[in-house]
Each structure stands twice: as C-alpha cells, then as structure tokens.
Amino acid sequence: MTPAPLITLTTDFGEDSPYVAAMKGVILSTNPAAHLVDLSHQIPPQDVRHGAFFLAGALPYFPPGTLHVVVVDPGVGTDRAVLHVEWHGQRLLVPDNGVWTLLPGANEAQVRHVTNAALFREAVSATFHGRDIFAPVAGHLGRGVSATELGPVVKEWVRVEVPEPQITTGPVIGEVVFVDRFGNLITNIPASAIRADGQERVSVGGGNARRTIRWVGAYGEAPAGTLVALISSFGTVEVAEVQGNAAARLRAGVGTRVSVCLKGVR
Amino acid sequence: MTPAPLITLTTDFGEDSPYVAAMKGVILSTNPAAHLVDLSHQIPPQDVRHGAFFLAGALPYFPPGTLHVVVVDPGVGTDRAVLHVEWHGQRLLVPDNGVWTLLPGANEAQVRHVTNAALFREAVSATFHGRDIFAPVAGHLGRGVSATELGPVVKEWVRVEVPEPQITTGPVIGEVVFVDRFGNLITNIPASAIRADGQERVSVGGGNARRTIRWVGAYGEAPAGTLVALISSFGTVEVAEVQGNAAARLRAGVGTRVSVCLKGVR
Amino acid sequence: MTPAPLITLTTDFGEDSPYVAAMKGVILSTNPAAHLVDLSHQIPPQDVRHGAFFLAGALPYFPPGTLHVVVVDPGVGTDRAVLHVEWHGQRLLVPDNGVWTLLPGANEAQVRHVTNAALFREAVSATFHGRDIFAPVAGHLGRGVSATELGPVVKEWVRVEVPEPQITTGPVIGEVVFVDRFGNLITNIPASAIRADGQERVSVGGGNARRTIRWVGAYGEAPAGTLVALISSFGTVEVAEVQGNAAARLRAGVGTRVSVCLKGVR
C-alpha cells in the first residue's frame, strides 16, 4: 500500500487529559506531513463494544489509503497484541480486543501482529501504548514504512460478540446495541429482516414496561414528543422520540429488548 | 466563487456517536484535498437558536472562500429544504430552519435550494442527511462544482426569531440570549444602547429575585466571586461572576430579563 | 526561528460556545496556510494548574517549530502580560499566569512580553484576548514575523506552585496533582524516588480513610476492580482501579495525600 498521510484518531481518552495531545505530538514528530483527523475521543472509558459500533458506523465512509489509529485499550501493558489490519484498502492500528471486528467484511482482512520494536518509542511505558507504540508506528506508516516490516501475519484475533436477532416467521426479536447522543435506540434488527412498509408494530422492553411504537419513514412525520420507529442510518431498526430522547423516556439502553411484528401477526 | 478547500463543521452530533466521523469520511472520499476544521459538535441537541448564536459569534472571523457545513437539523427527513448560502464571500450549507439567519447582513445573502440529487450519496437515508447530502455536496463544492449547479435561487427562507430589547428613555430592558461555558450571561442589549461609562445599574431577574450588578471594564477589575456587568465579546451587555459561574449563582438562563438604567434614572 | 505553520490550540473554552471557532477564524484569516491542531478545549474553566499539568504531559512530544497557543486566562482584561516563550525549539503564546511553567526546562526558556499592538486585532475587547490578541499574533508568527518584533525580553514571570514530595529515608510522602479521565490519580512522586520493584507499599489518604494499595507493573496484572499503584505515563507514581475509577472509589482528588514506603520500613 502507498503511504497514508491521512491518519484518523479514535480514543476513549477524553480531552481534559493530555493523552490525545501527546499522541498527536509523537505522530507529527515522526511525520510532520501527517494529516490528522479526529474521529472521537469520547468513546466511553474502556468500552470496547461501544468503540466497535462507532467504527462500524464511521469507517466505511473513508477513502482508500486512510490509516485509522484506535486506542480503546483496557488491556494496555499486558500481553494483548497490537494489530495492523488491512481492510477494504484502508488500514487500522488497534489493540487486539475486537474493537475493529464489527466492520463489514472484517473476516477478509489481512491482520498482522505489530512486533517490530524498532518502530516504537525508545522507552515503552506500561500505561500508555497510544503514545509509545500506536503513534510512532502510525507516523512511520504514513512515511511509507511497509506493512511487512511491522510483524507477522496472524490468523487468530479477538472478536467482539454481538447478539444476533431472532428472525422467525412470527415477530423478529432483537435488542438495543447502541444509544446515540440524541437518545436514539439503535437495534441489531436489519432493515432486510422486516418490510418497513408501515405495517410493522414495534415493541420496546418486556412485561408491563412494554411499549408499542408507531412506524414512520422519517422523524418529521410525527409531532414532537412522539415515540417512533424507523430505519436508522446504520441500516437497522431504530426507536426515537421526535425532538426528544427515547433512551431517557423509555429508560432503555444497550441490551433492552426490541421486537417487530407485522400487524395481525402475533 | 473559487473552490473552497477550507471546510468547517458545526453539528449537534456530539463525539460519542459516529455521525461526525462518517461525515468527515464522505467529505474526504469526495475531495481528499479538503482541509477540515471542527467548529463545534456540542451544539445542544436540536437547539437551532443556540446554533444561530454560535454561528453569529464565530463565522464573521473566517476568511473569504470558507465553506461552513452546519447540521443542527431537527427536521431531517421531512421536506425542509437544504440551503446553499453565499454570504460576505463565504458560504454555508445549512438546513432551512433559520440557524444561519443571525449572521450580520444575512438579509443580503444569496440563497439557493440544494436540489441536484446527482451530488448526493446514491441512497439518501431519512435520518442522516449530514452524511448523505451535506457532506457529499460540500466535497463537490470544494472541488470546484459551481453554486449554480446546486439548484435554484430562492427569496424565502425560515428565520430564527430573536427578542428585541426595549430601548426607551428610561431603562433598557432586554434578556439573556446565550449562556457560555463559563456561565456568563450574554444579553441582547447592544453596547450602542448604553453608555458603558460605569454609571450603569444593571439588574438581572424580576420581582424579589432581582439583583443589581456592578459595572466594570473587565472581569479582573473586581475580586473573584463578584457579580459584574460589562460589554461581551459579542458586543452586547454581559453579566458574569468573576472566576465563577453567573448562570448557576443567579439561576439565570436564556430568557432571563436583564435591564440597564443610568444612575438616578428609574 | 523559521515560520511555524503547525499551530496547536489549548483552551478552557469548551465547544458549545463560539470562542474556539472565532479564534480559528482569526488565525486562518491572518494565515490561510496555518495547520491547526486541537490539543484540548476541555481544560476545566480557569484552572491554570490543570492546564499546566496538561501542557507538561503533552508538549514535550511535539516537533521543533511548533507554535502552541494556550488560552486559560482568568486574568483577561487586566494588566497581566501576554508572553511569547521560546522553549526547546518550540514556542508558546500564553497569558502570564504560570500555565506553561511546569514544562521541563522552563527556567531556560527565552520569554518576551507581547506588546506590539500592530499585530493585534484593531479593536481589542476586554473579555476575549484569545480572539483579539493570541489568534492574530499566532497567525502572524506562522507567516514569518520574527519574535523580536513582538516585544521585549523579560526575566520575570508568574510561576505555578507545585507541591514538592517529601523524600526521606522512611516513606516518601506526596500528593495527587492530576486526575485523568479514567479517574487515575497522578502524584508528584517521581519514579526515581522509589524502587518500583514490587516491594513498595502505597497508601492513599490519611487517618481512618487510609488505604494500602498493591504495586503492579501494568494495569492488566491485577483483576478488574483491583486498586493498584504503578508508574504513570508522566513518570510519577499513579494509583488506579483496574478497569474502574480510583478517584470515585477512593473519593480522592488533587491534594489527596499519597505515601510510598518499602516493605519493612515504617
């Protein structure tokens, strides 16, 4: 692959701590021509699964040649590997905790262990591999160091587990897998599993707390304050409150059960 | 106008969701030379009025040729238009909800409906026009696509309503229109409506809660913890607590009444 | 020094207010070639000491020629000076409140008062020197204006006070000086003052609240939920909860006492 001057950063470091800034300094010291783009530093601390949904919703839109540096890394300082992933013409530097494995087509990626310590900072701390490993390796890759210099190709890596929806002849039963800033509830039920023709009946929660939600084509089809279900920008069923916050209103979050059935079907 | 490689982004998407990152990916895929600058992704969710004050406080300082992409868009998926605005040599892509209409000289802008779907992503979702319309159009504009290709010039658009201060021979009565991160209360009373010579008496709130505030030339003229009034960086009257938070201390916010009278005048 | 197109920004402005965006606009209007890199806009409001630890943890990693603009400035509008600091081949524009003085080797820096108003915006407000002084001066410096044009070299400036640890033949007694996003407690006890060989006994707090903490080489050496002590990425003793938040768990913060003694030593 050609050099990758476009380098994105995704971390759970927040902005009040100096960790992101230190990484930027190391990358720019290694490669002053790097074109840095922040994706997020607000992944919830050490929440690998949130990071995985974030990447799945963002990375497919980037151009070939982009290098994505991802540091959501509760295992820092242990023997968890650092991975270089070649995926659809883009590439990633990630800790081997599965954070990248919800990307579409992840199984066909070429994956290497990054083991060549000559590309690391001279002293590698036990607490901050973002600065001491990820950043200098990213800088070197941007300058044209080849993937083959990083370390060996591997065939095994950690995967994030995602719940599969139950798709039956009756209702489709899934769950919330991501809650966005607006309190929209993104589920694991793909658009392809339902008709999305307005005949759906969507229920959130179970038992007495169960609520039935109206199907719409867009938020604006219902008045402010209405609970609605529609196809999310992730391509799955979403439950939202128009100009409100469905997560707060329904006290729902990751793991809350959502089911979809056609009218007249039980 | 010439191509605009400088593209700024202002949204209410926050950073924990992948929406901003997806937009950046689409822009950079359309135009790898784009120079992206984040203005804010922390506009309060769907708060068009906050976004309008934000833009009025920020955009006048940018150079000609800058393209500002603004996605604070509670009407996404409805028939609200997408606008291309040429304003003072800069331009904006905005939803037609008034978010740009507090810019000085907004009335003289040239405004178009963005209707040329050939410039959109192939599949436009009902929930995420930032990714599917705003980002690809911004990328194309940055590559030199002309405004005339976007769609027709229009003469009508939605405006944000702002309260006007009452400027009388007695006190000037206005209200808080923006609260910044420091809890400073920015009002709609222009510096030109008062003398700002230290003879002012500024009151916040009404009834028993009314408080009279000392006029100063700069925060540092009074000790920490003092409530002060002065001319804000917006050019209007501001109420602040020195090294503190006036909004919290006075339990004031957008809409709180503020009046200014000269000493000896009732 | 050569022109500095790489300009970083560190402020306490947050992102919901237009202040950072206005600064970016002024810099880019003065110097369209500026390469802006955000370090943080989430320094706690007016917290100079937090800003100082932030800079000490970030700036040493940047390449020579970088220009750092730092606006954490409770004294804005008073007669506190604006400083231009040449430090290790990098330079800073900072308010004279000590925010830069925890950088290693700060005492050897060359410091100037920035007094040349020809480089400021025409009208300088009393509340927003970031926009009216720091940003235009940064833009001019990036275009090659020489430091000598800014103002006179000075030998006196404000310093941030940091508590020194007590290093005795018995325990080393220090305190927490920084709490990061993960709730990790960073102390002022340098690695050089202890052996870091696992024989340490680390205590946090005093009196009945005192807790003894296990020494580890890396977070991952202990199970999730364990309180551990180790060497931080700042090079000092750190107390952390594995995959948790030590600050919340121990109700500790800046100023909490931390002591280290060798086993068998009282």
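This is a predicted model: local features need pLDDT of at least 70, side-chain atom pairs count only at pLDDT 80 or more; totals for chains, interfaces and linings use all residues.
Over all chains, the structure holds 15 salt bridges. In chain B, one of these joins the side chains of Arg80(B) and Asp73(B), with a nitrogen-to-oxygen distance of 2.6 Å. Arg80(B) has a relative accessible area of 14% and is therefore classed as buried, and Asp73(B), with a relative accessible area of 9%, is likewise buried, the cut-off for this class being under 20%. A salt bridge is also found in chain C between the side chains of Asp73(C) and Arg80(C), where the nitrogen and oxygen lie 2.6 Å apart; both Asp73(C) and Arg80(C) are buried.

A further salt bridge of chain B is formed by Arg121(B) and Asp132(B), whose closest nitrogen and oxygen atoms are separated by 3.0 Å. This pair links distant parts of the chain, since Arg121(B) is located in the loop between strand S6 (110–113) and helix H3 (129–142) of chain B, whereas Asp132(B) belongs to helix H3 itself, the two residues being 11 residues apart. With regard to accessibility, Arg121(B) is partly exposed, at a relative accessibility of 28%, while Asp132(B) is buried, at a relative accessibility of 0%.

In chain A, salt bridges that share partners connect Arg121(A), Arg131(A) and Asp132(A), so that these residues form one network.

Technical notes
Residues are numbered from 1 along each chain as its sequence is written. Chains are lettered from A and ligands numbered from 1 in the order in which they are written. Side-chain values use heavy atoms; hydrogens and water are left out. A salt bridge is a side-chain nitrogen of Lys or Arg within 4 Å of a carboxyl oxygen of Asp or Glu. Buried means under 20% relative accessible area, exposed over 50%, partly exposed in between (1.4 Å probe, protein chains only). Helices (H or I, at least four residues) and strands (E, at least two) are DSSP runs, numbered from the N terminus.
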